Amino acid sequence: MRAKSILRKSRKIDSWFISYYGMNHYRGCLHGCVYCDGRSEKYNVEGEFGKDITVKINAIEILNRELNPRRKRKPMRRSYIMLGGGVGDSYQPVEKKYQLSRKAMNLVNNYNLPVHILTKSTLVERDIDIIKEINEKNRAIVSFSFSSVSKEISSIFEPGVPAPEERLETMKLFKKEGIACGMFLIPVIPYITDKPELIEDAVRKAKQYRVDFILFSGMTLK
Ligand code: SF4
């Protein structure tokens, strides 16, 4: 599809991402998490969730316009640009072919902006070169979401996603490059991953991998 705009703007700063601006180039998600909000009719994701993806094919052209300070009457508010969220992971398998997240990172870098990425995919490793450059000039945060760090639970509720241990290993690579990493323990699934021992396991792993922060939240049932 051809998108009319890419940057989501909010009046108040998003306290999870320290961001006024967000973007995502895909609607729908091949990761197919059982609890994903994107399954809700509210979001009007076309096709069968987990199988069909809409690609915003002109995303980079529009984003270039939206980020260009010469095309703005008011400068952008200083905050991280958030990549991800919404109803599709920015580093889901189609990103290998379209590379829209990589190209967007290049623009963010060229316009000297900071970025906060949220994903469940280890494919983000591919872009470590650009993310490192952004971090050195303006700061970058790479966050991963987890419902728990249990491989077994993840394989049931997040069938298309790399196992928790693989996500943690990817964080280690970013940490080695001096890039801040966050664990979004979201959603904690009622009666499944809200057991104290599972939450403690996640916190212990976060500490072991020197994760910089953890955010918790429950599950929304749209
Ligand atoms: S990775 Fe995120 S966007 Fe994709 S299905 Fe899972 S929860 Fe939804």
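How many aromatic pairs does the count come to? It comes to five, where a pair means rings of Phe, Tyr and Trp (its six-membered ring) with centres within 6.5 Å. Keep in mind that this is a predicted model, with local features needing pLDDT of at least 70, side-chain atom pairs counting only at pLDDT 80 or more, and totals for chains, interfaces and linings using all residues. Residues are numbered from 1 along each chain as its sequence is written, and side-chain values use heavy atoms, leaving out hydrogens and water.

**View 1. Trp16 meets Phe17.** The ring centres of Trp16 and Phe17 are 6.5 Å apart with planes at 70°, so this pair is edge-to-face (planes over 60 degrees apart; under 30 is stacked, the rest tilted). Trp16 is partly exposed at 36%, while Phe17 is buried at 8% relative accessible area (buried is under 20%, exposed over 50%, partly exposed in between; 1.4 Å probe, protein chains only).

**View 2. Phe17 stacks with Phe184.** Here the rings sit 5.2 Å centre to centre, with 15° between the planes. Phe17 is in the loop between β1 (8–14) and β2 (19–23) and Phe184 is in strand β8 (residues 180–185), so the pair ties together parts 167 residues apart in sequence (strands are DSSP E runs of at least two residues, numbered from the N terminus). Phe184 is buried, at 1% relative accessibility.

**View 3. One aromatic cluster.** Trp16, Phe17, Phe184 and Phe213 make it up.

Notes: Helices (H or I, at least four residues) and strands (E, at least two) are DSSP runs, numbered from the N terminus.
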